[in-house]
Amino acid sequence: SITSTLKIEDLLELIFAQLSKVIASDAYFVALYLPETHELDIRILIDQGKRYPPTQVDANQGISSWIVKHKKPLLVHDLRKELESLSLKPILVGEKRLSRSWLGVPLLADEELIGLLAVTNYASNAFNDADQLLMEQISQQAALAIQNARHYEEVNKQAKLDSLTGVSNHKHFIEILYQETENSLTNMIPLSLIMLDIDHFKIYNDTYGHVVGDEVLRLTVQAIRSHIKKTDTVGRWGGEEFGIVLPNATITQANMVANRIRRTLSELPLFDVEGQTIPKPTISQGIATIPDHTTDADELVIIADRALYRAKERGRDQVAVGIPSPEK
């Protein structure tokens, strides 16, 4: 059952479901280890039949920290009696009262900690060695399944990205645009699209070589990312042209973002292959917004694109706002 899905969220639910079938307990939690922040990301927390929202805790604290440190199972028959000998201070998550019995096992992949499973009970001596052995066996299957699911997610993620700049590729960007358009119309919130083009980009390739040309593309993405939110999406439309989807952003807000990107790019350092400073690229941008200009995703692109080329015709290095469609 645990190896039947490659989606992380579905997989964690399956792990909990199978665990709860074979070990009766007052509380269960399934956590993933985050090495970059040294935290435990508790994705599933069930206590006394009630599901609590996911939470993150310091992996240096709580009873789980023993497992994080030693990468071994921990069986506690009575916390009140054994807590002092463990030199641990519990963290209360879920019900704000201390459990008596505690059993946790690490999720290991190639000897690396990727998470842990734990069950607790408010009565003492609720778990035994047989329960621990069973949880260890489950954890082996679970760790392998999580590793496979993560690999699958990473492959899928890479397939959606532009290999040079790391932003969404054209196909994925269009998918996001359609999704956000539907969300905008359903929830009656604005959606802005910025189409961005690097001015005279060919000169960089012809004069300084494609290595510098590639660096100009990466610098442009760096400037864009410094002024957009996690909920926004930047994609490579093609060549030196990029698109930026800004959910819940008005024309005014999109204009502010576009001009900040333009100014930031003009301040980023750019060097040739010999390390000599070379002229900074400039960018032209066009903006279109739902519902001000249109309510159609394809037309949103057309209006933003036309605005982009008006910005170029006016002398480049500027932002132009789209003109609503005649139907609008």
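## Starting at serine 168

Which residues does serine 168 touch, not counting residues up to four places away in sequence? They are Lys160, Leu161, Asp162, Phe173, Thr233, Val234, Gly235 and Arg236, where contact means heavy atoms within 4.5 Å. This is a predicted model, in which local features need pLDDT of at least 70 and side-chain atom pairs count only at pLDDT 80 or more, while totals for chains, interfaces and linings use all residues. Residues are numbered from 1 along each chain as its sequence is written, and side-chain values use heavy atoms, with hydrogens and water left out.

Serine 168 sits in the loop between α4 (129-159) and α5 (170-187); helices here are DSSP runs of H or I with at least four residues, strands are runs of E with at least two, and both are numbered from the N terminus. Serine 168 counts as buried because its relative accessibility is 7%, and buried means under 20% relative accessible area, with exposed over 50% and partly exposed in between (1.4 Å probe, protein chains only). Its side chain makes a polar contact of 3.1 Å with the side chain of histidine 172. Such a contact is a pair of N or O atoms within 3.5 Å; within protein, one must be able to donate a hydrogen and the other to accept it, and residues adjacent in sequence count only if both atoms are side-chain atoms.

A pocket is an open set of points on a 1 Å grid over the protein atoms alone, with protein on both sides within 12 Å along at least five of seven lines; a cavity is a set where a 1.4 Å probe fits but cannot get out, and lining residues have an atom within 4 Å of a point. Grid points are joined across faces, edges and corners, and a volume is the space filled by probe spheres set on the points.

## The largest cavity

The whole structure has 1 cavity of 30 Å³ or more. About 320 Å³ of space lies in the largest cavity. Among its 24 lining residues, Phe29, Ile91, Val93, Trp102 and Thr120 are the closest to its centre. The lining divides into 16 nonpolar, 5 polar and 3 charged residues, and β2 gives the largest share, 4 residues.

Key:
Ala, Val, Leu, Ile, Met, Phe, Trp, Tyr, Cys and Pro count as nonpolar, Asp, Glu, Lys and Arg as charged, and the others, Gly among them, as polar.
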